[in-house]
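User: I want to learn how to read a structure one feature at a time. Can we go through it together?

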Amino acid sequence: MQKRAVIGDNVTIAQCVTIGGRSKKKNVPIIGNNVYIGAGAKILGDIIIGNNVIIGANSVVLIDVPDNSVVAGIPAKIIKRNINYSDYM
């Protein structure tokens, strides 16, 4: 099994998180610095998670997430932009 996902510095990954590819797609996620990934979240496909991002518990992230954002839901949607990461962590 190849380990190809790229995970930045100061990333918190809660329990039962899946980070991986999708069917018929070769590339896997790239996760930036200062990211919190809530319990049970799935981050799938050739996507980029920016810096200072909060991913809600049980979210299914299939889209790129810009810096300083909060995402949640199934499928995940950006629910807040231009956050101050230290307000959440």
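User: Does I48 count as buried, partly exposed or exposed, and at what relative accessibility?

Analyst: First, the ground rules. This is a predicted model, where local features need pLDDT of at least 70, side-chain atom pairs count only at pLDDT 80 or more, and totals for chains, interfaces and linings use all residues. Residues are numbered from 1 along each chain as its sequence is written, and side-chain values use heavy atoms, with hydrogens and water left out. Now the idea: buried means under 20% relative accessible area, exposed over 50%, and partly exposed in between, using a 1.4 Å probe and protein chains only. I48 has 46% relative accessibility, so I48 counts as partly exposed. I48 lies in strand β7. Strands (E, at least two residues) are DSSP runs, numbered from the N terminus.

User: Which residues form a nonpolar patch with I48 on the surface?

Analyst: A patch takes residues with over 30% relative accessible area and no salt bridge; nonpolar side chains (Val, Leu, Ile, Met, Phe, Trp, Tyr) are joined within 5 Å. A salt bridge is a side-chain nitrogen of Lys or Arg within 4 Å of a carboxyl oxygen of Asp or Glu. Accessible areas come from the Shrake-Rupley method with a 1.4 Å probe. Here V6, I30 and I48 form the patch, with about 240 Å² of accessible area together. I30 sits in strand β4 (residues 30-31). At 39% relative accessibility, I30 is partly exposed.

User: What does I30 touch?

Analyst: Contact means heavy atoms within 4.5 Å. Leaving aside neighbours within four places in sequence, I30 is in contact with V6, I47, I48 and I49.

User: Is I47 buried or exposed?

Analyst: I47 is buried, at 4% relative accessibility. Its place is the loop between β6 (42-44) and β7 (48-49). Beyond four places in sequence, I47 touches V28, P29, I30, V61, L62, I63 and D64.

User: How do I read a core, and which residues touch the most other members?

Analyst: In soluble globular proteins, nonpolar side chains tend to be buried together. A nonpolar core is a set of buried Ala, Val, Leu, Ile, Met, Phe, Trp, Tyr and Cys residues joined through side-chain atoms within 4.5 Å. The largest one here has 15 residues, of which I31, V35, I37, I43, I49, I55 and V61 touch the most other members. The elements giving two or more residues to this core are β5 (35-37) and β8 (53-55).

User: How many residues of β11 are buried?

Analyst: The count is 0 among its 5 residues, 77-81, so strand β11 is hardly covered.

User: Which strands stand at the edges of the 3-strand sheet?

Analyst: That open sheet runs β3-β6-β9, with parallel pairing. β3 (18-20) and β9 (60-61) stand at the edges; each has a single partner strand, so one side of each lacks a neighbour in the sheet. 2 bridges join β6 to β9. K42 has V60 as its bridge partner in β9.

User: Where does the backbone take a positive phi?

Analyst: G73 is one case, with phi near 110 degrees, in the hairpin of β10 and β11, which has 4 residues between the strands. N52 has phi near 60 degrees, positive in a residue other than glycine. N52 lies in the loop between β7 and β8. N58 has phi near 65 degrees, also positive in a residue other than glycine. The loop between β8 and β9 holds N58, which is partly exposed at a relative accessible area of 48%.

User: Which peptide bond is cis?

Analyst: The bond from I74 to P75 is cis, with omega near -10 degrees. P75 sits in the loop between β10 and β11.

Notes. Pairing = 2+ DSSP bridges. Patch = residues over 30% accessible without salt bridge, like charges linked within 9 Å, V, L, I, M, F, W, Y side chains within 5 Å.
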